[in-house]
Amino acid sequence: MSELIVREALGERRFTATDFPIAVGGEGSAIVMAGRPEGAEAYLGLHEDQLFVQPADGAEVLHNGIPVQNSTWLRSGDVINFGAARLRLLAQRDDQRIVEVDDGSSGNITAPPIIEPSARLQGGEGDAERIDPTQFRPSSPVKPGPRVSIDLKKIVAGVAAALVAVVLWFIFTATSVNVRTDPADAQVDIQGTLPAVRFGGRVLVRPGDYLIKATQQGYSPAQLQAKVTKETNQTFALKLQKLPGKVKVDVPAQARVTVDGKELGNAPGEFTLAPGKHTIAIAAARYQPFSGELDVVGEGKSQTFTPKLVPAWAEVTVSSEPAGAMLVVDGEERGVTPLTTQILAGNHPVELRMAGFKSWTTDVQVKANEPMNLGPVRLGLPDGQLALRSEPSGASVSVGGVYRGQTPVSLELRPDIAHNVVLTLPGYEAATREISLTAGEARTLSVPLSGVFGEVTLAVQPADAQVFVDGKAAGAANQKLRLVATTHDIEIRKTGFVTYKTSITPRPGVSQKIETTLLTPEQTRMAATPSNIRSKAELSLKLMPVGTFTMGSPRREPGRRANEAQRDVQFKRPFYMGVSEVTNGQFRKFKADHRSGIIGQHTLDLDNQPVVGVTWNDAALYCNWLSQQDGLPPAYQNKDGRMVAVQPLTTGYRLPTDAEWEWVARFEGGGKFRRYPWGNALPVTPRSGNYADVTARLIVQDVIPDYDDGYAAAAPTGKFPANPLGLFDVGGNVAEWVHDYYTVSSDSGAAAVDPTGPADGKQHVIRGSSWKQASVTELRLSARSFGESQANDVGFRVARYAE
């Protein structure tokens, strides 16, 4: 501030910094106030361009209507009262301060300039800051009086001068520092050898060591050891930490509370948490898991958190006709209908039971918090019970085209309906009975089966060898056998020779012949790899040629997919391939309750149809079962709940590899390979295989125009011509699971030897077209598909290594 302007009734006066301090009061003061006692009542001071007022000892001074006794900073608009007189601090400019004087009398002219005194320093929100009182002496000479008064005034002036000197010494030798706190309104206490003086937002202290403490309600106290030097602009900062808060978690049921991944305990309950945002999770029985954000105020305050938990159940209303049926959910009795009960979200088996009526069962998919109605359910009359036997036993039984087991078997049949019951047994004529039972009726039925015989001629060398049929001696080898038309195990034995074993199914009216020459062990070793083998489960396999070919298809081939990259493959290890796809009848010897299903009006479940509706795991388990029957090491093992290949691959039964399947499907001989099952060109050759033909237009979308193979869905295996290697239905009928995990390979110039595919994966390769397919892309033998779940047009055939 360059000057102070004092406005009085008779004009303005100007004071500079050298004129301070300026006395205000009665006679003898620089600014005289009418009606005030003689001498100064207060002093206007200046520090770092900031005005302040300091009352004289015992003086009654009001600052903005409040009595003050200590030094107080002055700001624009402040009013200082001395009885009826007052000073008002007007607007402050960059280098000037203006004080307006009202001396309390009309027309009184005060000779000294008038300046408003400040009793305290006010902060941004009105908070006062203490200024230690300082004695000042008047800046102008005092009017002389009696001799005793003159001596007293000199003494007072001397003391005031000494005080001013001390204050000025402190001001000019102290260092101004800034103390910042977070939060800003914290209470600060500075302790040291000398007191600290506050001016505005800064503090005057002498150089030295100080302990600065900060406190605030709701915060932990903070303190700082500070060393003050003579350097300017020193700043000391203290950050106070909020105290934790108490959070009451209010929920409608007993629950576990987890905050920031750490389990805290049970709710309803109260928890002490650090201030700030937290992630809270609540798990309560019968409610959906809750997760949300919790903002804790802290500062020791209490708050309540009331999350809205969503029920994990729904009310299900069940009714029946007649009423009074017992409702059973997940095996638990809930009460009799009509009934409303709470069921947890998810899929649940539901059953209605009532004496004299047939039980009714279903699966109910319950959605959380969504009520649902079930019924009214009309309960049916109880089924009839048929105990069915056959002579001989072991006949397969189907009711309405659906396989129901082997005799002897107990069947439940709907009452008052005629059921077509068919019994079949290899080597015997099929027997058909039409059965109708009343409600609750129990009946026993025995059906004799008529045998069908065929003749088998044996031509054996050496001639004195003996023949055994199904393990029983049947005489000399060279004879004609009359056998039931079912599969028989034939053994021809002679000491010193390796026993010859084969299986044969005689056919009525068809001449069959077994010709063989027994070999010595040495001769057997020389011919250790037969061209044809037959498993004990009646599967026929043929030895496949080995060699080299280019797998995949050219980039410009019509219908080519991106997963058909070409690569050279070489086969060194001899392997067998199943002549036909595995049938329902063959698969049921492993899993009797398997159903391949029905498509439209067409069954897929006949014994001689290829098995479908099986997963890759089902096929692998069947292969292991075949290996067990024949005493071979399994090719697959269970690892973490899924079947994986044994490494290296054994000689047990397995699925063909991706490369093996394409090799035998496309092989034509003479270094040539087919594009389609019938050859290399379109159109489709008549009767070349079972594809989506005109008879299938009611069950599939796309069909081959003008092509009729006689079967709308799956055909019995072996109904169409074999390929050049003697394999049936390699293209058409049903698509086939193969051994490899699915992957997309890039073109490669390196030849792969006996490849078995990637070491791991999720989905498996599917090969060959099916009765559902008609496009050029799908009919090509190089086409590759993949999957992991069952389908009604995907089956499999088996393979195995010869050595």
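Which side chains meet in a salt bridge at 2.9 Å, N to O, with Glu 12 as one of the two? The partner is Arg 7. A salt bridge here is a side-chain nitrogen of Lys or Arg within 4 Å of a carboxyl oxygen of Asp or Glu. The model is a predicted one, so local features need pLDDT of at least 70 and side-chain atom pairs count only at pLDDT 80 or more, while totals for chains, interfaces and linings use all residues. Residues are numbered from 1 along each chain as its sequence is written, and side-chain values use heavy atoms, with hydrogens and water left out.

Back to that first pair. Glu 12 is partly exposed, with a relative accessible area of 45%, and Arg 7 also counts as partly exposed, at 31%. On this scale, buried means under 20% relative accessible area, exposed means over 50%, and partly exposed is in between (1.4 Å probe, protein chains only). Side chains of opposite charge can pair when their charged atoms come close. The structure holds 35 salt bridges.

Another of these joins Lys 227 to Asp 209, with the closest N and O atoms 3.4 Å apart. Lys 227 sits in strand 20 (residues 222-228) and Asp 209 in strand 19 (residues 208-215), so this pair ties together parts that are 18 residues apart in sequence. Both Lys 227 and Asp 209 are exposed. Helices (H or I, at least four residues) and strands (E, at least two) are DSSP runs, numbered from the N terminus.

Buried salt bridges turn up as well. Glu 660 pairs with Arg 654, the closest N and O atoms being 2.9 Å apart, and both residues are buried. Salt bridges that share partners also link Asp 658, Glu 662, Arg 666, Arg 767 and Arg 784 into one network. As for helix 5 (residues 658-666), nine of its nine residues are buried, so the helix is largely enclosed by the rest of the structure. Among the buried residues of helix 5 are Trp 661, Trp 663 and Val 664.

Next come the strands. Strand 12 (residues 96-102) has five of its seven residues buried, so the rest of the structure largely encloses it. Strand 1 (residues 3-8) pairs with strand 12 in the parallel sense, over five bridges; two strands pair if DSSP finds at least two bridges between them. Ile 5 has Ile 98 of strand 12 as its bridge partner.

Further along, three strands make an open sheet in the order 46-43-49, with mixed pairing. Its edges are strand 46 (480-484) and strand 49 (512-517), each of which pairs on one side only. From one strand to the next, the twist averages 30°, taken between N-to-C directions of axes fitted to C-alpha atoms, on a scale from 0 to 180 degrees. Strand 43 (residues 453-461) runs parallel to strand 49, and six bridges join the two.

Asp 605 is buried, with a relative accessible area of 6%. The Asp 605 side chain reaches the backbone nitrogen of Ser 596 at 2.6 Å. Leaving aside neighbours within four places in sequence, Asp 605 is in contact (heavy atoms within 4.5 Å) with residues including Gly 401, Tyr 403, Asn 584, Arg 588 and His 594.

Methods: Polar contact = N/O pair within 3.5 Å; in protein donor to acceptor, adjacent residues only side chain to side chain.
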